[in-house]
Amino acid sequence: MDDAAELRYYEDEDTPGMKTFKGATTGLVAGTLWGAIIATWHDVPRVERSVALPGLIRTLKMMGNHGATFAAIGGVYIGVEQLVQNYRMKRDFVNGAVGGFVAGASVLGYKGRSISTAISAGAALAVTSGVIDGLGATTRTDNGKEYYPYTTKKRAAVE
């Protein structure tokens, strides 16, 4: 236990199933928000005075489509990463790369309906995950200090 970064792996109390559920849920929320943004930018229908319902239905369908896609990618990615981690008994960038490839190839390949799309999407997610995991997946360094969202020191009494 020389490395402080390894300590966080032993403190993880979530089961692989819970991690997969959290990944899918996070993907669902992020995808739904992204679908709303995309619908706002690209699918702005001409709304007439009393006919707003078709535009709303199109927007909700786009939000649901993106939400489901992101949820599937998140769930497959985390699920495969956990399976590979438990099989290999290692936690390194390879697990994420395999998870990324399977998630990209299966979900985005299915949506694109071609082998070349599946391989390209899988490779892109695998490389992205491998680079992020390989670089440490953090922008902060541990300096031993704890930061609180509130003040821990008492203020001087105002006279």
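Tutor: Start with the surface of the whole chain. In this predicted model, the accessible surface comes to about 12,000 Å². Carbon and sulfur atoms hold 62% of that area. Of the 159 residues, 24% count as buried.

Now the fold. The chain has five helices and zero strands. Read along the sequence, the pattern is α-α-α-α-α. Take the contacts with a separation of 6 or more: 63% of them join residues 24 or more positions apart.

Our part is helix α4, which spans residues 93–112. The crossing is right-handed. On the α3 side, the contact includes Asn65, Thr69, Ala72, Ile73, Val76 and Tyr77. Further along α3, Val80, Glu81, Val84, Gln85 and Arg88 also take part. On the α4 side, the residues in contact include Val94, Asn95, Gly96, Val98, Gly99 and Gly100. Val102, Ala103, Ser106, Val107, Leu108 and Lys111 of α4 belong to the contact too.

Next, the loop between α3 and α4. Met89 sits there. Its phi is near 60°, a positive value in a residue other than glycine. Most residues other than glycine have a negative phi. Met89 counts as exposed because its relative accessibility is 70%, and the cut-off for exposed is over 50%.

The side chains of Arg88 and Asp92 meet in a salt bridge, at 2.8 Å from N to O. The count of salt bridges comes to one. Arg88 is also one of the α3 residues in the contact with α4. How accessible are the two partners? Arg88 is partly exposed, at 26% relative accessibility. Asp92 is partly exposed too, with a relative accessible area of 28%.

Step into α4 itself. Val94 is found in this helix. Val94 is partly exposed, with a relative accessible area of 27%. It is also among the residues that touch α3. Now compare sequence and space. Val94 and Ala126 are 32 residues apart along the chain, and their C-alpha atoms are separated by 8.9 Å.

Follow α4 to the loop that comes between it and α5. Arg113 has its place there. Phi of Arg113 is near 55°, again a positive value in a residue other than glycine. Arg113 is exposed because its relative accessible area is 66%, and exposed means over 50%.

Val98, Phe101, Val102, Ile115 and Ile119 make a nonpolar surface patch of about 420 Å². Which helices supply it? Both α4 and α5 (115–134) give at least two residues each. The largest share, three residues, comes from α4. Ile115 lies in helix α5. Ile115 is exposed, with a relative accessible area of 66%.

Note on methods:
Residues numbered from 1 in each chain as written. Predicted model: local features only at pLDDT ≥ 70, side-chain atom pairs only at ≥ 80, totals over all residues. Heavy atoms only, no water. Patch = residues over 30% accessible without salt bridge, like charges linked within 9 Å, V, L, I, M, F, W, Y side chains within 5 Å. Areas by Shrake-Rupley, 256 points an atom, 1.4 Å probe, with all protein chains shown as cover. Salt bridge = Lys/Arg side-chain N within 4 Å of Asp/Glu carboxyl O. Helix = DSSP H or I, 4+ residues; strand = E, 2+ residues; numbered from the N terminus. Buried < 20%, exposed > 50% of the residue type's maximum accessible area, 1.4 Å probe, protein only. Contact = heavy atoms within 4.5 Å. Left-handed = near helix turned anticlockwise from the far one by under 90°.
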